[in-house]
Amino acid sequence: MPIVIDIDVMLARRRMSVGELARRVGITPANLAVLKNGRAKAVRFQTLEALCLALECQPGDLLRFESEGGSLP
Amino acid sequence: MTKLASVSVLVLVVLLGGVTVVVQAGVLPAVAADAAHSWPEVAHLRAPVLAAAMAVVACIQLALVCTARLVLLTSADRIFTRRALRWVDALTGSFALAAAIGVGIGVTLDAERALNPGVAILLGGQILGCLAVALLVIVLRSLLVRATTLNDELAEVI
């Protein structure tokens, strides 16, 4: 999936558990796992906003574009 | 669908169900007996035509059951499923079958020259009415399929 979500790095930096993040963002741990594994097809801005608030970061810290061929275009 | 709406529909379904039972148990046999008495030359048609008419009412009863099931599925928020669609198909089928039986009755009566204008109009009305409802349900079915697709897409948004 070209759009990659890197939550693990921020989770580690903020020393937060997956369950705690899911609770703060307001989504189920299952959905958060779907997000982490790159299986999500669409994300609400509301969810992205909640993620940035909970992890105290920018969307760019979480989202990365990886073209099919490999790294940056 | 509001609670009031679903309860109203279910009450109506039960009432109409009661009416169909009365029609099957009392009205139809009485009309059949009367017809056999008034037109003895077609008295041999009494049993088959009565059976066919009972079958038509049974189709309506099936339609009522399908309607009730769909209302219950809606209030349980399980309407956007494969199973719900099957009940819609059963609903269409029951009306289509009722229309087909009506045509069968008409053809039989016509063959025996037992089709007087009154009966013809009644039968025509029944056939057209059932066909119209079947077509309406087909149109609404495609709407349900679209709504289900949209709902599935929305469910994937995290």
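Student: What should I know before I start?

Tutor: The model is predicted: local features need pLDDT of at least 70, side-chain atom pairs count only at pLDDT 80 or more, and totals for chains, interfaces and linings use all residues. Residues are numbered from 1 along each chain as its sequence is written, chains are lettered from A and ligands numbered from 1 in the order written, and side-chain values use heavy atoms, without hydrogens and water.

Student: Which elements does chain A have, and in what order?

Tutor: Helices (H or I, at least four residues) and strands (E, at least two) are DSSP runs, numbered from the N terminus. Chain A has five helices and two strands, running β-α-α-α-α-α-β from the N terminus on. Its radius of gyration, taken over C-alpha atoms, is 12 Å, close to the 11 Å that the globule rule (2.2 Å times the number of residues to the power 0.38) gives for 73 residues, so chain A is as compact as a globular protein of that length.

Student: How much of chain A is buried?

Tutor: Buried means under 20% relative accessible area, exposed over 50%, partly exposed in between (1.4 Å probe, protein chains only). In chain A, 32% of the 73 residues count as buried.

Student: Where is the kink in α1(B) centred?

Tutor: A bend is the angle between axes fitted to the seven residues ending at a residue and the seven starting there. In α1(B), the kink is about 45 degrees and is centred on B:Val23.

Student: Which residues of α1(B) are buried?

Tutor: An α-helix has 3.6 residues a turn, so residues three or four places apart point the same way. In α1(B), the buried ones include B:Val13, B:Gly17, B:Thr20 and B:Gln24, and their cover includes α2 (46-75) of chain B.

Definitions and conventions:
Contact means heavy atoms within 4.5 Å.
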